[in-house]
Amino acid sequence: MNDQNKEQLEQKYQEYYSKLNPEQKEAVDTLDGPVITIAGAGTGKTQMLSVRIAKILQETQTNPYNILCLTFTDAGVTAMRKRLVEIIGPASYQIKICTFHGFCNEIISTYPDKFNFKRDSEQIDDLEKVKFLNEVIDELGNSSVLRPPNDHYYNQSAIERNIQELKQENFTPEKYEQVILEIEEFLGLYWPLLEKFIDIKGSPTEAVLNNFHAQFNSIKSPETPIAKIWLNYYQEAYSQYLSKLDGTKRNDGTKRTNFKRDLNNFFGECKNNLPKQKEFGKAYRAYQKKLADNSRYDYSDMILFVTQKFQQDPYFLRIFQEKYEYILVDEYQDTNTSQNITVTLLGQFFDKPNLFVVGDDDQSIYRFQGASIENIISFYKYYEKDIKGNAIKITLSQ
């Protein structure tokens, strides 16, 4: 950037900076390290983000093309670009401002060999999607629990919805099938004992419950994520049962019955759903194969594929980690698991990444697309605990 451009940037920056309130100025001025800004509607997020980018260019040696700004809608991209043009002029077009899907789609298009994509691959349309799903259901066979005899395609929309949700949560067919194997392993060990206890008619006696609890804890549990989650659920249910006992132990029978019911509601439902989950795993794998065989990918694949590649290929990830020195994410409350993993991986090159996220903890308009409000809650804990950076939290209230 030449001296004349720098002078113009300085003037525009000071003009916009002077209009910010103290909270916005704090968010703009805190350039280094992980920062989360809680900003509700009407708090001037676009203005604040734009001025922050201008300050980065003015006060650091960072080039415009080393800044990445991610948001959720094309309208958000347009608004951010327009505001930046007003402040920093043509240099704004060198800044990477895009949606998550746009960012990942560009990576795939630029490096097709990394993703085993054919160069003529295209995003699947709705008609093709219905056709592929119907073919998948047909291939499952008449005996499949996902193919009711009176309406073979009754579960079509549910299958499609579940596939999209799994992709948003960063689950490939292989990863999902591994979870199913873990469920089978856990139930294979624990279900005979659980079933015997659950099938007791009426209220189990205190001695029976205590004996069941002792036997449950004596089983050598597999060291798998599912086992840890489910054992934690069991211990929590048992702790709640104990906490509800009063000093005179009145109504113990009711409480023991409620505990038995809770186990039945959770583990019984898991057991009953397992055949459907196994069939769904086959459907998910078959659907992905049809996409690949026909040079197609769907909307959620773009982020899933990039996240996978980043996790599997650290040298490929390093290209983008070294390129983007400052990363800004708007509407952070709307990130789903795959999107959040992508952001986290991009920032892992440094102990204290220059990662700036803005979110509204009262609003998550994309929850139906798998957005996870927990990402806001975990951001500060993650960078404080796991990376030992000093994540800073700023709240815009005006």
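User: At 8% relative accessibility, does Ser295 count as buried or exposed?

Analyst: In this predicted model, local features need pLDDT of at least 70 and side-chain atom pairs count only at pLDDT 80 or more, while totals for chains, interfaces and linings use all residues. Residues are numbered from 1 along each chain as its sequence is written, and side-chain values use heavy atoms, with hydrogens and water left out. Buried means under 20% relative accessible area, exposed over 50% and partly exposed in between, with a 1.4 Å probe and protein chains only. Ser295 has a relative accessibility of 8% and therefore counts as buried.

User: Where does Ser295 lie, and what is its phi?

Analyst: Helices (H or I, at least four residues) and strands (E, at least two) are DSSP runs numbered from the N terminus, and Ser295 sits in the loop between α11 and β5 (296–297). Most residues other than glycine have a negative phi. Ser295 is not a glycine, yet its phi is positive, at about 55 degrees.

User: Which loop holds Glu331, a residue other than glycine with a positive phi?

Analyst: The phi of Glu331 is near 55 degrees, a positive value in a residue that is not glycine. The place of Glu331 is in the loop between β6 and α14 (337–347).

User: In what order do the 6 strands of the open sheet stand?

Analyst: Two strands pair if DSSP finds at least two bridges between them. The edge strands, each pairing on one side only, are β3 (96–99) and β8 (392–396), and neighbouring strands of this sheet are turned by 15 degrees against each other on average, direction ignored. The pairing is parallel, and the order is β3-β2-β6-β7-β1-β8.

User: Which residue of β6 stands opposite Cys69?

Analyst: Strand β2 (residues 67–71) and strand β6 (residues 326–329) pair in the parallel sense over 4 bridges. In β6, Val329 is the bridge partner of Leu70, while the residue opposite Cys69 is Leu328.

User: How many bridges join β6 to strand β7, and which residue of β7 is the bridge partner of Ile327?

Analyst: Strand β7 covers residues 355–359 and runs parallel to β6, and the two are joined by 3 bridges. The bridge partner of Ile327 in β7 is Leu355.

User: Which residues are buried on the two faces of β6?

Analyst: In a regular strand the side chains alternate between the two faces of the sheet. Both faces of β6 are covered, and the buried residues are Tyr326 and Leu328 on one side, with Ile327 and Val329 on the other.

User: Which residue classes make up the contact of α8 with α11, and is the crossing left-handed or right-handed?

Analyst: By class, where Ala, Val, Leu, Ile, Met, Phe, Trp, Tyr, Cys and Pro count as nonpolar, Asp, Glu, Lys and Arg as charged, and the others, Gly among them, as polar, the contact of α8 with α11 has 17 nonpolar, 5 polar and 7 charged residues. A crossing is left-handed if the near helix is turned anticlockwise from the far one by less than a right angle, and right-handed if clockwise. For α8 passing α11, the crossing is left-handed.

User: At what angle do α3 and α4 pack?

Analyst: The axes of helix α3 (residues 45–59) and helix α4 (residues 74–88) are 9 Å apart, and the packing angle is about 45 degrees. That makes α3 oblique to α4.

User: How many disulfides does the rule count?

Analyst: A disulfide is a pair of cysteine sulfur atoms within 2.5 Å. Cys104 is buried, with a relative accessible area of 0%, and its sulfur is 8.4 Å from the closest cysteine sulfur, in Cys98, which is too far for a bond. By this rule the number of disulfides is 0.

Notes
Axes are lines fitted to C-alpha atoms, for helices over the stretch in contact, and angles run from 0 to 180 degrees between N-to-C directions. Angles under 35 degrees count as roughly parallel, over 145 as roughly antiparallel, 65 to 115 as roughly perpendicular and the rest as oblique.
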